[in-house]
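Subject: Structure handover and notes

Dear colleague,

I am passing on the structure we spoke about, followed by my notes on it. Please keep it open beside you as you read.

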Amino acid sequence: MKKINKIFRKKTKRIYIRKVPIGNNAVISVQSMTTTKTTEIKKTVKQIMSLKNAGADIVRISVPDKKSAEAFKIIRNKTNIPLVADIHFDYRIAIESIKNGADCIRINPSNIGSIKRIQSILEYAKDYNVPIRIGINSGSIEKKIIKKYKYPNAKAMLESAMNCINIFEKMNFQNFKLSVKSSNVLDTIQCYKLLSCHTDHPMHLGITESGNLQNGTIKSSIGIGSLLLQGIGDTIRVSLSENPIEEVKVGLKILNALEIRKYGVNIISCPTCARKEFDVIKIANSLEKKLSNISEPIDVAIMGCSVNGPGESKISQVGVSGLKNKSALYINGIRKKKIKNSLILKELKKNIQKIIEIKNKYRKKNEK
Ligand code: SF4
């Protein structure tokens with residue numbers, strides 16, 4: 001997990017979800033959420049492990065009832081990745097989840113009920129040293145606030161969040177982070193910006209209910225990306241109507257694109273045109289699929305011809321620039337040899353693996 005951190009980031013307070021630091025310039029973590037029934041323990045653990053293998057740092061699990069809270073306890077003992085219990089409506093389930101080993105709980109105080117109930121949760125969270133995410137969502141803002149603003153807009157979400165912060169701070173509870181998510185990208189951006197002026201608690205970024213893979217990726221990239229560019233945000237979750245593994249992949253790609261954090265194979269490939277000398281699209285797709293389990297950061301250029309091919313290949317660790325029948329292979333910016341166009345995929349894979357092996361060897365040597 002290489003931290004590059006070229007973008008200025010607002011200094012926030014630090015909290016820990018298990019051992020993962022959030023805030024105060026910590027590496028921006030990527031979160032996702034299980035989609036299985038929590039009571040189906042085997043399936044849930046399997047999905048958590050897949051999310052972890054895809055690069056998730058933190059996984060959230062819905063805990064809608066007592067049985068799920070009991071299942072949470074068993075699940076907690078089967079993995080060491082930080083687990084967040086997602087609670088709505090019932091403060092007793094929140095308390096039960098804290099007792100059952102949650103590393104963090106997410107509540108939307110607006111739907112927990114009375115302040116007394118929120119305070120009970122905070123007392124347990126204090127005793128067990130469990131952080132809380134105040135998760136404000138445009139779909140469930142307090143009725144009186146909606147009445148005031150007519151719509152669940154940025155100002156309404158901000159007021160809801162500020163009310164919660166006041167309750168938490170009055171109780172002398174500082175171990176929390178905040179999210180103010182809307183399915184509207186502009187409202188979300190505006191609300192996080194306003195909130196960031198009012199508080200230095202860490203921020204969990206996301207666009208809620210952002211849709212399927214394509215829509216959700218676009219909305220999340222704009223929403224999360226533009227906030228990160230303004231220095232706002234300490235942890236992210238991309239929310240998609242898809243297999244949650246895609247959420248992790250998109251989240252990591254957003255951080256990769258902003259060079260906040262480098263993770264896995266970063267493919268630089270051209271859109272192709274009549275000049276292309278080999279099937280760039282097929283090779284780029286195939287390579288991305290085959291190397292999706294690699295966490296080591298590596299830039300790979302796959303370029304159809306010599307117009308932009310040499311330039312991109314020279315700034316990548318592995319690159320190929322299309323030429324007639326045989327193309328030019330670059331390793332660490334240096335043109336090494338010509339390879340048959342029919343062997344490009346095989347050669348790229350071989351050389352990527354080789355570089356990763358060398359990096360791993362070097363890292364292990366340094367760790368000794
Ligand atoms: Fe076309 Fe060559 Fe540019 Fe690719 S690199 S889009 S093949 S001109």
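Predicted model: local features only at pLDDT ≥ 70, side-chain atom pairs only at ≥ 80, totals over all residues.

Which residues are around the ligand? They are Cys270, Thr272, Cys273, Arg275, Lys276, Met303, Gly304, Cys305, Val307 and Asn308, where a residue is taken as near a molecule if one of its heavy atoms lies within 4 Å of it.

Residues are numbered from 1 along each chain as its sequence is written, and side-chain values use heavy atoms, with hydrogens and water left out.

As for the overall fold, the protein chain holds twelve helices and 17 strands, these being DSSP runs numbered from the N terminus (helices H or I, at least four residues; strands E, at least two). Of its 368 residues, 52% count as buried, which is to say under 20% relative accessible area, with exposed meaning over 50% and partly exposed in between (1.4 Å probe, protein chains only). The C-alpha trace spans about 75 × 45 × 35 Å along its principal axes.

Eight strands form an open sheet with parallel pairing in the order 9-8-7-6-5-4-11-10, two strands being paired if DSSP finds at least two bridges between them. Strand 9 (176–181) and strand 10 (204–205) stand at the edges with a single partner strand each, so one side of each has no neighbour in the sheet.

Within that sheet, strand 6 (residues 83–87) is largely enclosed by the rest of the structure, because five of its five residues are buried. Leu83, Ala85 and Ile87 point one way from strand 6, whereas Val84 and Asp86 point the other way. Strand 6 pairs in the parallel sense with strand 5 (residues 58–62) over four bridges; here Arg60 stands opposite Val84 and Ser62 stands opposite Asp86. Strand 6 is also joined by four bridges to strand 7 (residues 104–107), again running parallel, and in strand 7 the bridge partner of Val84 is Cys104. The chain passes from strand 6 through helix 3 (residues 91–99) to strand 7 in a right-handed β-α-β crossover, and strand 5, helix 2 (residues 66–76) and strand 6 likewise make a right-handed β-α-β unit. Right-handed here means that, with the strands pointing away from the viewer, the path from the first strand over the helix to the second runs clockwise.

Three loop residues may also interest you. Gly322, in the loop between strand 15 (318–321) and strand 16 (326–331), is buried, with a relative accessible area of 2%. Gly322 lies 19 residues from Met303 in sequence and 6.1 Å from it in space, C-alpha to C-alpha. Asn129 sits in the loop between helix 4 (115–127) and strand 8 (132–137), has a positive phi near 55° although it is not a glycine, and is exposed at 59% relative accessible area. Glu259, in the loop between helix 9 (244–257) and strand 12 (261–262), also has a positive phi near 55°, but counts as partly exposed at 29% relative accessibility.

With best wishes
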